[in-house]
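Please consult the sequence and structure shown here.

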Amino acid sequence: MEVQTALNCVTDSLKITPTDQPMIEKAQGEKVTLPCMFTLSQEDEGPLDIEWVLIPIDNQKNEQTIIMYTVDRVYSNYYEGMHGRMQFSNPDPKSGDASLEILNLKSTDTGTYQCKVKKAPGVQSQKIQLTVLVKPARTKCYVEGSQEIGSDLTLKCAAQEGSPLLSYSWRKLTGTGTEQLPATSLLNKNTGELSVKNASQDNSGTYSCIVSNRVGTDECFLVLNVTPPVNVGGIIAGAIIGTLLGLCLLAFLISYACKKHREKKYEKEVHHDIREDVPPPKSRTSTARSYVGSNRSSLGSMSPSNMDGYTKTPYSQVPSEDFERTPEQNPNFASPKVAAPNLSRMGAVPVMIPAQSKDGSIV
């Protein structure tokens, strides 16, 4: 009987007001206040100690003291993960308000938080479950499949960030609002896929995908353009013809370049080549000199009697190449007649030189 009376005294001495929010959900980046209100009695005579402890979701990890109030002082450097982001909501916790305020929440802050209040002989505690959720973000929309008339395609939507459970919905936008989705479409709210069977041009337009969870939403847009089928055969044929024309043009340019190169090379060789087997052409001056010299030698051996048929050839006339031909080779050429010099004055002995007719007989 005495033991039961002692327990009742302990129980009645210190009380923590039960919270109506044993489970709290918040979005990442927000702040939260974990309530811990208590009352003391006259029987509580010892020093007041207040302690907040984080119990991780992972059972393999130990409990971590994050903040403490004792002997009228606050100690908040126990947990590095929350350093600078937590504090007592009331600057004077001994007033009966030991609530904990956490700023700029992170997903790693998720866990069970326990508030312990001790003032001998009374001891009380209370637990609160905190879940930090990530809002949907960086959502992307895209089309999978051919956007041709009569094809089956799928509009897909996926959030790069966001805590489960995520829910998806699609809308077709118009200039004045929204309209119903195609009658041949089927929506999967869990995966965000909108399947469209036997697409038509009426399905073309702007679509919006909305992804949401318990703490926020996000949205993305895409434009669907359903077009007639493409003539693949014509495209391939055009590509082949274009390739062949390009090859022909390339071959023509190469051939033309090679031809020009050969012509330049030939002109250069002809310009600089000196043929050793062909003698240089005789000049008119050398021909005339040889002709005059031969006439002088003939005059020195002729007799006066045989000089009648010769006439003096003027030296001013330049003989042509016909002098080098025989009479048979050049029928138009007539032997020049040289006037007979006065041999008696020259003191030469006359010599008879037989004459030769056109047919080659000696006269």
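The sections below cover the basis of the model, the overall make-up and strand β14.

## Basis of the model

The model is predicted; local features require pLDDT of at least 70 and side-chain atom pairs count only at pLDDT 80 or more, whereas totals for chains, interfaces and linings use all residues. Residues are numbered from 1 along each chain as its sequence is written, and side-chain values use heavy atoms, with hydrogens and water left out.

## Overall make-up

The protein contains four helices and 19 strands. Helices (H or I, at least four residues) and strands (E, at least two) are DSSP runs, numbered from the N terminus.

Of the 363 residues, 26% are buried, meaning under 20% relative accessible area with a 1.4 Å probe, protein chains only. The protein exposes about 24600 Å², of which carbon and sulfur atoms supply 54%; this area comes from the Shrake-Rupley method with a 1.4 Å probe. Among contacts (heavy atoms within 4.5 Å) between residues at least 6 apart in sequence, 60% join residues at least 24 apart.

Strand β14 spans residues 167-173. Tyr168, Trp170 and Lys172 form its covered face, while Ser167, Ser169, Arg171 and Leu173 form the uncovered one.

Strands pair if DSSP finds at least two bridges between them. β14 pairs with β18 (residues 205-213) in the antiparallel sense over seven bridges, and Ser167 of the uncovered face has Ser212 as its bridge partner in β18. β14 also runs antiparallel to β15 (residues 178-179), to which two bridges join it. Here Lys172 has Glu179 as its bridge partner, and a hairpin of four residues joins β14 to β15.

Definitions and conventions: Buried < 20%, exposed > 50% of the residue type's maximum accessible area, 1.4 Å probe, protein only.
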